[in-house]
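Colleague: I'd like a close look at one part of this model, the place where the two chains meet. Could you walk me through it?

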Amino acid sequence: MWLANGFPPWSSYRALKSGRLITLDNNPSVRPIGIGESWRCLFAKCVLAVAGKDAADECGIGNLSGGMSAGIKAAVYSANEVVDSNYETDDWGFILMDARNAFNELNRYTMLWTVRHL
Amino acid sequence: MNSTAIRCFGRLDTYDIVAVGLHSIVIAAGPLIIRGRAGISFYLFSKTGITQGCPFTMPLYGLASLPLIRKLNTECKLDRHLWYADDSGAGATFDDLDKYFDLLKVHGPSCGYTPQPHKCILVTSDRNLSSAKSKFERYGMKVVTESQYLGGFIGSPTLRSD
């Protein structure tokens, strides 16, 4: 409520948004893992409790990470089903895409604008 | 989306507290602290994309990727088009997959999705392997008959049952 109803000092945002960063050895590189503060996790869980179902409904089968339960399992089964039925078809394949640093290249303002106007 | 909290940015109603708070929690650059030796800490500021450690970021990323997914769905003829977070997969004929890849290269970067061809994998059957290689290896893609996908397996049905 404090964040929503006023203009708190920057230090409060910093405190809420801070997190610990640990590194895992991903030989030869390093895999950074962020662990958010408890207040931030609590806040996010509150938002999800209110809006999570609508987010899952909107994502639907478009992006299975939007809150659908067992989304990974659904993706794997769905991919296997279509591969099984088309495996012997001429000139048919299943492509697995990989993007460069996708989570970090997303623009935050664009992201919020998109969510607002869906 | 109907009557959702995340749709209510800038609108004063019951979800006002959640909406403004969400705006601040997403936009503000959070410090990520790395503990060093002898009490020395290093700070990194997460200023772009989604921040690790926040449970809300995954649904938010899912929602933000929807315009790109819908555009690809309408412009390409795909037998199956699957996304789980930033992992995408599509099953179609080689010509349609070629078009899909080209469109993703054109429209993806503006949505923060820049494909890396040398990390992309095309799964196809043995009999289609040579034609697939002639078509997709020029991008630097790997062409294989089986592969891992989201912890599962994709490839020959007989091989999977084994």
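Which strand of chain B does strand β3 (residues 92-97) of chain A pair with, and in which sense?

Modeller: Strand β3 of chain A pairs with strand β4 (residues 87-93) of chain B, antiparallel and over 6 bridges; pairing here takes at least two DSSP bridges between two strands. Helices (H or I, at least four residues) and strands (E, at least two) are DSSP runs numbered from the N terminus. Within that pairing, Phe94(A) stands opposite Gly91(B) in β4(B).

Bear in mind that this is a predicted model, where local features need pLDDT of at least 70 and side-chain atom pairs count only at pLDDT 80 or more, while totals for chains, interfaces and linings use all residues. Residues are numbered from 1 along each chain as its sequence is written, with chains lettered from A and ligands numbered from 1 in the order in which they are written.

Stepping back to the whole interface, 72 residues of chain A are in contact with 86 residues of chain B, contact being C-beta atoms, placed from the backbone, within 7 Å. On the chain A side, helix α3 (residues 38-59) gives the most, 14 residues. That side divides into 38 nonpolar, 18 polar and 16 charged residues; Ala, Val, Leu, Ile, Met, Phe, Trp, Tyr, Cys and Pro count as nonpolar, Asp, Glu, Lys and Arg as charged, and the others, Gly among them, as polar.

As for confidence, the predictor gives the complex an ipTM of 0.84 and a pTM of 0.82. Chain B averages a pLDDT (per-residue confidence, from 0 to 100) of 82, with 83% of its residues at 70 or above.

Technical notes
Two residues are in contact if their C-beta atoms, placed from the backbone, lie within 7 Å. pLDDT is the predictor's confidence in each residue, from 0 to 100.
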